[in-house]
Amino acid sequence: MDETVEDPPTSAVLLDHCHFSQVIFNSVEKFYVPGGDVTCYYTLTQHFIPRRKDWIGIFRVGWKTTREYYTFMWVTLPVDLNSNSAKQQEVQFKAYYLPKDDEYYQFCYVDQDGVVRGASIPFQFRPENEEDILVVTTQGEVEEIEQHNKELCKENQELKDSCVSLQKQNSDMQAELHKKEEDLETLKSTNKKLEQQVKAQKDCWETELLQLKEQNQKMATENEKLGVRVEQLQAQLSTQEKEIEKLVQGSQDKTEQLEHLKKEKSQLLLTLTQQREHQKKLEQTVEEMKQEETTAMKKQQELTDENSGLSKTLSENKIMCSTLQREKERLEKENDLLKRENSRLLSYMGLDFDSLPYQAPTSDQAGAGQNPGLVYGNPYSGIQESSAPSLRTMKRCPTCKSDLADDIFGPTLEQQHMEALCLNCPICDKTFPAREKQIFEDHVFCHTL
């Protein structure tokens, strides 16, 4: 069926649930897979006659009025409307217009007066492979939705009762107003008749008065009787005039009461309009809260992604710190081994490490060249040659302040000596003196933060 941009007929008032059984929905699944078309099957009972503007909408569970539909499709009228048997019909919803969330929805058949004639069981739009998980997860949500639906139904029933009371009160006032109008018309008709009677009677009295004046001279004896009769007639006329004034005053009171009833009716209509506007504001507030909730979820996802990145960086830094710590421990062990070996050699020579002056490695290298079997050279050659004047040119190391033989220590050995006395950062290649070991370790640790 082709879809049209025309809005379907809706109503702001939810009628009694007894109308929901006039259209029965068949083969409604517990869930539909997103991205596919959905076919809705329904049956028209014998007590319901479809019309051209009837439609089927998808409503989120907890809806209050037919204006809250998510999407809709016009129904197709059966070929034989006069048949008394149940009529099986179907309508197809395209995947593009279906909801994208996992909320609970239901089909509702709405006639062209905006009245719900049938409603299906709730269902969801979600993939098939999530069934086992969602059955456990959504059970509490279903109970919460059912509780919320009961509360909404109760509130809706209260609103319906209030609306019915207002409608009844309005009908009573309309009936009373109609009755007052009929009484007013009756009073006007009676007043008109009385005026005609008074006029006719006044004409009759004037005729009689003329006749009495003409016969005044002839009927002197009857003059007093006629005078009394005239006085009686005048008194009766005065009484009738007073009654007419009372009727006119009563008619004015009825007119004022009618105006007062009209004002009360206008106030009731204004109150009903304000209630409708308040309901629209509440619906807008609910929509804004949903948008704020969506924004908050997006912000939470962004923070979660950022936290994952920071956790990954922290793990890498911890691994690097562990590597550097192991390297530091290895170097410290090697340094301790070298110190113990040096102490052993000095003990072997009978010297104290703290009191021994720095000796140039030239004699050791020479002794090592003479006796290849000694790893560290001749231990006595340095003592023997220390008393002799050195003929080599010596230069002082700018870092450790020790003397170096210029003819033996070339640029390569000098560079190796400088590197042995310096600490290089493995991350930024910054160089620290060996005596600033604590500063070097603090610097490397800062890279892991």
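**Before you start.** Residues are numbered from 1 along each chain as its sequence is written, and side-chain values use heavy atoms, with hydrogens and water left out. In this predicted model, local features need pLDDT of at least 70 and side-chain atom pairs count only at pLDDT 80 or more, while totals for chains, interfaces and linings use all residues.

**Exercise 1. Find the salt bridge between Asp111 and Arg117, and decide whether its partners are buried or exposed.**

Step 1. Start with the term: a salt bridge is a side-chain nitrogen of Lys or Arg within 4 Å of a carboxyl oxygen of Asp or Glu. The structure holds nine of them.

Step 2. Look at the two side chains. Asp111 and Arg117 form a salt bridge, with 2.9 Å from N to O.

Step 3. Now check the cover. Buried means under 20% relative accessible area, exposed means over 50%, and partly exposed is in between (1.4 Å probe, protein chains only). Asp111 is buried, and Arg117 is buried too.

**Exercise 2. Describe the salt bridge between Arg330 and Glu334, and say where its two residues lie.**

Step 1. The side chains of Arg330 and Glu334 meet at 2.5 Å, N to O.

Step 2. Both residues lie in helix α2, four residues apart, which is about one turn of the helix. Helices here are DSSP runs (H or I, at least four residues) and strands are DSSP runs too (E, at least two), numbered from the N terminus.

Step 3. Arg330 is partly exposed, with a relative accessible area of 37%. Glu334 is also partly exposed, with a relative accessible area of 37%.

**Exercise 3. Work out which parts of the chain the pair Lys437 and Glu332 ties together.**

Step 1. Lys437 forms a salt bridge with Glu332, and their closest N and O atoms are 3.5 Å apart.

Step 2. Lys437 lies in helix α6 (residues 437–447) and Glu332 in helix α2, so the pair ties together parts that are 105 residues apart in sequence.

Step 3. Lys437 is partly exposed at 36% relative accessible area, and Glu332 is partly exposed at 30%.

Step 4. Salt bridges can also share partners: Arg51, Asp111, Asp113 and Arg117 are joined into one network in this way.

**Exercise 4. Place Arg51 in the fold and find how far its C-alpha atom is from that of Gln112.**

Step 1. Arg51 is in the loop between β3 (38–44) and β4 (55–60).

Step 2. Arg51 is partly exposed, with a relative accessible area of 30%.

Step 3. Along the chain, Arg51 and Gln112 are 61 residues apart, and their C-alpha atoms are separated by 7.0 Å.

**Exercise 5. Compare sequence and space for two further pairs, Cys108 with Phe25 and Met173 with Lys262.**

Step 1. Cys108 sits in strand β7 (residues 105–110) and is buried, with a relative accessible area of 0%.

Step 2. From Cys108 to Phe25 there are 83 residues in sequence and 8.7 Å in space, C-alpha to C-alpha.

Step 3. Met173 belongs to helix α1 (residues 131–214) and is buried, with a relative accessible area of 16%.

Step 4. Met173 and Lys262 are 89 residues apart in sequence, with 9.5 Å between them in space, C-alpha to C-alpha.
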